[in-house]
Amino acid sequence: MKQSTFKSFLLHNLINSLKSPAFVIISILFPVITAINYFIRGQFFTGSGTTDLVLFFSAVPYLCIIAIPALCYKLSFSVYDDFIPLTELSKQTAVFLTRLILFCIQLLLLIPAVLLVNLYGKTDGGQVFTSFICLIFFGAAVIALCSFIQTTVANKISSLIISALILVIFNTAHLFALYVQLPSFLVSFFRLLSFAWHFDAAGKGIFDTRDILWLAGSAALFIFLSDSVVQIKKGRRFNTSLKIKHILLPVICLLTMLNANRWYTRIDFSQNRTYSISKYSKALISRVESPVKITYYRSSAIARVYPQIRDVADFLTEYAAQSNKINLIIKDPDKDANIRSMLETYGIASQQLRTVSGTSTEYLTVYSAIVIEYEGNAETIPFTMAANTLEYDLDGRLRHLISGTARTVNIIAGNGLTLSDDYSYVIPWLSSQGFICNPLYIEDPAFAENLASANGPLLVFGDSEIKIEEAIAIEDYILSGKGSALLAISPYVADIENSWYITAAPRTNLIEMVENWGIRFPAQITSDISCARITMYADDNNSTQLLNYPLWPVLMQQKNAPLGITLFWVTPLELDSENKTVSPYLLSSSAATGYDEDKSSPEKLFETNPFLLAENGGSGFSGAGTDRGTKILGAEIQGNLEGLFNAEHSENSHIIVIPDQYFASTLMNGYIGGDSGDYRNFEFLTNVLLKLNGEEELAALQSRTTRDTSLYKVTDAVQFNTLRLITYIILFVIIPLLLIAVGVFFNVKRQK
């Protein structure tokens, strides 16, 4: 009987709530404001858009500061009706479930936006799943809190204001330690209160029971407290059993919440299981014969403010648990000057993180470094704030410690550009990936001797300044078997700092060497509909225009470019079909075409002006070919090779040829980076060098730890603009009108 009454009471409240104009208004504003924050405020359509939905979901709690108190304020019920044959706790539970169902309806209204994002790129299904689950539990906790306040404070307006103010604290509590020096126990307490802290793992696709239990316990605690307040207000007398019940239930909830950190489970639902220990790691760890000591030097200041730091410690704990020979220690450099001095001996410097408060800007000096020690040797990870690439970083260092060999790459800039300025990201990037970089300079008289004494993969950017003597030394190095090679070379030179005019390279010695091995460079550059979207200033410098630039092809995700890559004025390659040592490595879209030289204009072989190309749709300009189809924009050479400049022979050569000398240029990557930076070209560089170094399994792991969040599915400008308009119409017109229609229908029906 009671169960039937409970269902009837719940259904009655739910139906009345759905008919409420207040609920319709909240239902319209909730998805609309969330969409505005993600698509418009987040500049989704400006070229720097991302399919990572963390920004999308993280806006929900801030909307709840007003939405949930309004839900509780407008949708109140007669929970004190003594004629309903239900206990006060049952009534409170029914009201709570009604509001939670209404909140879940708000969350369901976010699904169209998520589906629309999938039209532009690929979202992480695991991230979507865990975010929704965490938001449901968050909603439950906040609804229970607001219900408790409404029960405690008789005045509805006062309860609404108090609820909103408390939710402001609830959403920003973890930031208090950033601006106020607090005792450690208060820092921990405010971290527990903060939604950002509890949502961080779910936003990455991790189901963490610590967060779920805290939120679920909070919901249960406030439901029980609400029941106690109602009983007291009604003047009920508590016998011994009731007193025990009203004390014991909240205590159980508190103990559950506080002990959630002791026994917990993390389930990785992310797309590539990025935060789980891979089979490769387990196999690598099984090779450990002596004790491994992993020390994580983590500043208490950074641990107080950034919730993602918890994931680093969690992953290190799971990594160390794979073998009893691995010992994990966590130390705080902020508390010990000797530790900071020791870190300096490892070459680990502190980092400064900027924090902004009102009109003032402050900098935190912090450490988040890892030192791995094995058999008297050590490898370091100088700074890390995320766990998504941590497995790759740990495995690379541990592999070198076990093998006792260093990972070296020899770098040559052969086009007149400098490694310190024009390729300024290359050495720091590769160093952070565990490579020891050995720059070699072609203007050095001892270049040939220095190269001959080197070992490891060879990385060459351009050959327009490489004379025949240096070309002979490079070919000799490749054929000697000392190392494989990545040759980023082109028969053209672009004035990348000024006019973007393209001219013929004064020297092409390496081009001739590669052509001897079965790869031909036709007199063309590639134009592709799948291309970079860049922001250019108009002639008056007062306005900007977003343009598709067809001469910078954007390659989609493929086997040898797991995240894709952007190339600049790249020459399409032609491979000798009879040469079995040569195979395609990178491919364009099926809509690419060759753009022929204008031989009558040697100072400007191709039209490169983005505005002129945009006016012609990227394909109607003079010189554009009609041979649309997939172009080879990278080639791989493996096996037997005969020298062109040397009378030598190699049986196991491995060479990657990319006909673009600017793909790792600092300036060119700045054009495509947007506000948040686009590091896919450098991820590709790392992936290639790992393969050339014989670390194919680690290269596969590196690909697993990152995913493409670009808007790669839409390449045509007209299609992009059309889809953007459709997105706006669905989110800001169709869905609100449908909700208004539903609200009007229910209200008309109720009046009849």
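The model is predicted, so local features need pLDDT of at least 70 and side-chain atom pairs count only at pLDDT 80 or more, while totals for chains, interfaces and linings use all residues. Residues are numbered from 1 along each chain as its sequence is written, and side-chain values use heavy atoms, with hydrogens and water left out.

## Overall composition

The chain holds 27 helices and 24 strands. Helices (H or I, at least four residues) and strands (E, at least two) are DSSP runs, numbered from the N terminus. Of the 752 residues in the chain, 53% are buried. Here buried means under 20% relative accessible area, exposed means over 50%, and partly exposed lies in between (1.4 Å probe, protein chains only). The accessible surface of the chain is about 32,900 Å², and carbon and sulfur atoms account for 57% of that area. Such areas come from the Shrake-Rupley method with a 1.4 Å probe; for residues, only the protein chains shown count as cover. A contact is defined by heavy atoms within 4.5 Å. Among contacts between residues at least 6 apart in sequence, 76% join residues at least 24 apart.

Strands of a sheet pair through backbone hydrogen bonds, either parallel or antiparallel. In this model, 3 strands form an open sheet in the order 17-18-19, with antiparallel pairing. Strand 17 (531–537) and strand 19 (565–566) are the edge strands, each with a single partner strand, so one side of each has no neighbour in the sheet. Two strands count as paired if DSSP finds at least two bridges between them. Strand 18 (residues 544–555) and strand 19 are joined in the antiparallel sense over 2 bridges, and Leu-555 has Ile-565 of strand 19 as its bridge partner. Helix 24 (residues 666–673) packs on this sheet and touches strand 17, strand 18 and strand 19. The direction of helix 24 makes about 120° with that of strand 18. For such angles, axes are lines fitted to C-alpha atoms, for helices over the stretch in contact, and the angles run from 0 to 180 degrees between N-to-C directions.

In the loop between strand 19 and strand 20 (574–575) lies Trp-569. Its phi is near 50°, a positive value in a residue other than glycine. Trp-569 counts as buried because its relative accessible area is 4%. Glu-375 also has a positive phi, of about 50°, although it is not a glycine. Glu-375 is found in the loop between strand 7 (368–374) and strand 8 (377–381).

## Salt bridges

Side chains of opposite charge can pair when their charged atoms come close. A salt bridge is taken as a side-chain nitrogen of Lys or Arg within 4 Å of a carboxyl oxygen of Asp or Glu, and by this rule the count comes to 16. Three of these pairs are listed below.

| Pair | N to O distance | Relative accessibility |
|---|---|---|
| Arg-310 and Asp-211 | 3.1 Å | Arg-310 14%, Asp-211 3% |
| Asp-314 and Arg-266 | 3.2 Å | Asp-314 9%, Arg-266 22% |
| Glu-597 and Lys-599 | 3.1 Å | Glu-597 23%, Lys-599 64% |

The salt bridge between Arg-310 and Asp-211 links distant parts of the chain: Arg-310 is in helix 16 (residues 308–320) and Asp-211 in helix 12 (residues 209–233), 99 residues apart. Arg-310 is buried, and Asp-211 is buried as well. Asp-314 forms its salt bridge with Arg-266, and this pair joins helix 16 to strand 2 (residues 266–268) across 48 residues. Asp-314 is buried, whereas Arg-266 is partly exposed. A network of salt bridges links Lys-204, Asp-208, Arg-210, Asp-211, Arg-266, Arg-310, Asp-311 and Asp-314.

## A buried glutamine and a nonpolar patch

Gln-127 lies in helix 7 (residues 125–152) and counts as buried at 3% relative accessibility. Leaving out residues up to four places away in sequence, Gln-127 touches Asp-52, Leu-53, Val-54, Ala-202, Gly-203, Gly-205 and Arg-707.

A nonpolar surface patch of about 750 Å² is made by nine residues, among them Leu-725, Ile-729, Ile-740 and Val-748. Patches consist of residues with over 30% relative accessible area and no salt bridge; like charges are joined within 9 Å, and nonpolar side chains (Val, Leu, Ile, Met, Phe, Trp, Tyr) within 5 Å. Ile-740 lies in helix 27 (residues 717–751) and is partly exposed, at 39% relative accessibility.
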